[in-house]
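Q: Please take a close look at one part of this structure, the aromatic side chains and the nonpolar packing around them. I would like one connected account that I can follow residue by residue.

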Amino acid sequence: MQLTEDPLATLLKAANAGDGPAYARFLHAVTPIIRGIARARARSLPPDQNEDIVQDVLLGIHLKRHTWDEAQPLRPWLYAITRYKVIDAYRKRGMAVHLPIEDYSDVLPAEAAADPLTDRDHRAEVDRLLDHLDPRSAEVVRAVALRDEPQAEVSARLDLSPVHLRVTLHRALKRMAALGRRDEP
Amino acid sequence: MTQTDDLIQRLSRQAAIAPLRPAKLGVAMGLSVLVPVALFLLIFGTRPGLGEAWTNPVVPLKTLLPLTVFALSLALVLRLIRPEARVGAAGWGYGLPLAGAIALWIGAFAMRAPQARFADVNAFSLEECLGSILMLSVVPVLVMLRMLRIGATSTPLLTGALAGLCAASGVAAGYSLFCTRDNPLFFVTWYGVAILIVTAISALVGNRALRW
């Protein structure tokens with residue numbers, strides 16, 4: 001037993017003894033802690049999935065709340081469950097993420113723009129790759145990736161929604177990267 | 001956020017569940033080994049002249065080595081039912097029975113004439129030994145994995161493996177009272193193989209069954 005009782009431990013102890021309101025207070029109190037851990041550990045997942053993970057962890061705590069040994073400190077138990085569930089969330093999403101790219105278009109990493117063009121800054125080579133794209137995609141790449149025009153302007157000029165613009169750009173760059181790789185000796 | 005708040009409200013209205021009682025689970029796991037083994041020995045009997053055979057110091061080891069592994073594995077498995085638990089330094093406990101088994105094997109290999117070394121190994125004795133340990137382990141492995149699902153291990157593969165190790169070594173300790181082959185080259189090898197097979201299968205099953 002600790003000298004100064006963890007308030008969370010007190011709440012869960014009451015909850016496990018059947019005190020529903022104490023249980024609700026416990027879950028509310030741990031939610032920001034879990035959210036912080038999930039955000040820190042699951043940085044490579046899209047932010048909108050963080051809250052899903054938080055809920056997975058809460059559910060895990062709920063289903064396994066009887067496995068906390070009241071004679072032991074609460075935190076190691078709580079962190080172990082959180083860690084397990086965050087890793088589990090990765091595992092699940094790693095195995096079954098086949099979501100359409102449009103869902104992620106606003107969180108696609110911006111640095112992707114630099115990547116396919118890094119070793120190919122010879123204008124002719126880039127132009128050759130651009131010729132393989134449809135005219136609108138080629139213009140998007142020229143404007144955003146090569147001329148560094150603000151995306152808002154480009155989307156207004158080409159009459160594309162910002163989301164559509166980023167998807168077009170992302171796909172065009174991927175296509176160019178693939179074409180470039182194919183040409184390599 | 002409101003979705004999460006909803007979830008909390010729903011969860012908090014559910015009834016509390018009884019706390020985990022590792023000692024109770026441990027007794028059930030122990031019985032899951034003891035009952036099938038006791039039935040086996042009741043039906044087929046212990047080996048003739050068991051007491052006399054034990055005057056040879058090698059023979060009791062045939063029972064005591066797996067019994068040590070059984071006891072250690074049971075303790076570890078019961079520890080791992082809590083998510084924060086780790087095997088830690090206790091894993092070194094396997095060093096003693098493992099060293100004992102290896103020493104027995106090497107000693108027997110060195111002391112026996114080449115043609116006497118593997119004289120016991122034939123299809124029938126293998127089938128009897130391997131087959132019995134494997135068959136007798138089925139129920140304890142299933143019971144143990146079932147019990148472990150009540151807990152919340154954060155290492156399903158390892159916990160599954162230790163459950164298999166526990167079940168099979170407990171069974172092997174019991175089976176050794178029936179087995180008449182006292183050549184360590186035989187029993188260390190084939191008990192070991194049987195235990196490892198059960199451990200591997202239980203690890204694979206546990207890796208799926210013990211997730212939560």
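A: **Aromatic rings and nonpolar cores**

Arg181(B) lies over the face of Phe186(B), at 5.6 Å from the ring centre, where a charge counts as sitting over a ring if NZ of Lys or CZ of Arg is within 6 Å of the ring centre and within 35 degrees of the ring normal. The charged end of Arg117(B) likewise sits over a ring, that of Phe109(B), 3.8 Å from its centre. This is a predicted model, in which local features need pLDDT of at least 70 and side-chain atom pairs count only at pLDDT 80 or more, while totals for chains, interfaces and linings use all residues. Residues are numbered from 1 along each chain as its sequence is written, chains are lettered from A and ligands numbered from 1 in the order in which they are written, and side-chain values use heavy atoms, with hydrogens and water left out.

Turning to pairs of rings, a search of the whole structure finds nine aromatic pairs over all chains; rings of Phe, Tyr and Trp (its six-membered ring) pair if their centres lie within 6.5 Å, and planes under 30 degrees apart count as stacked, over 60 as edge-to-face and the rest as tilted. Tyr84(A) and Trp212(B) have ring centres 4.4 Å apart and planes at 20°, so this pair is stacked. Because Tyr84(A) lies in helix α4 (residues 74–96) of chain A and Trp212(B) in the segment after α9 (184–209) of chain B, the pair joins two chains; helices here are DSSP runs (H or I, at least four residues), numbered from the N terminus. Tyr84(A) is buried, with a relative accessible area of 6%, and Trp212(B) is buried at 17%, buried meaning under 20% relative accessible area (1.4 Å probe, protein chains only).

The rings of Phe40(B) and Phe178(B) have their centres 5.2 Å apart and their planes at 75°, so they are edge-to-face. Phe40(B) lies in helix α2 (residues 22–44) of chain B and Phe178(B) in the loop between α8 (156–175) and α9 of chain B, so the pair ties together parts 138 residues apart in sequence. Both Phe40(B) and Phe178(B) are buried, and they belong to one aromatic cluster that also includes Phe44(B), Tyr175(B), Phe187(B) and Tyr191(B).

Tyr175(B) and Tyr191(B) are also among the residues with the most contacts inside the largest nonpolar core, which has 51 residues; a nonpolar core is a set of buried Ala, Val, Leu, Ile, Met, Phe, Trp, Tyr and Cys residues joined through side-chain atoms within 4.5 Å. To this core α7(B) gives the most, with ten residues.

Notes: Buried < 20%, exposed > 50% of the residue type's maximum accessible area, 1.4 Å probe, protein only.
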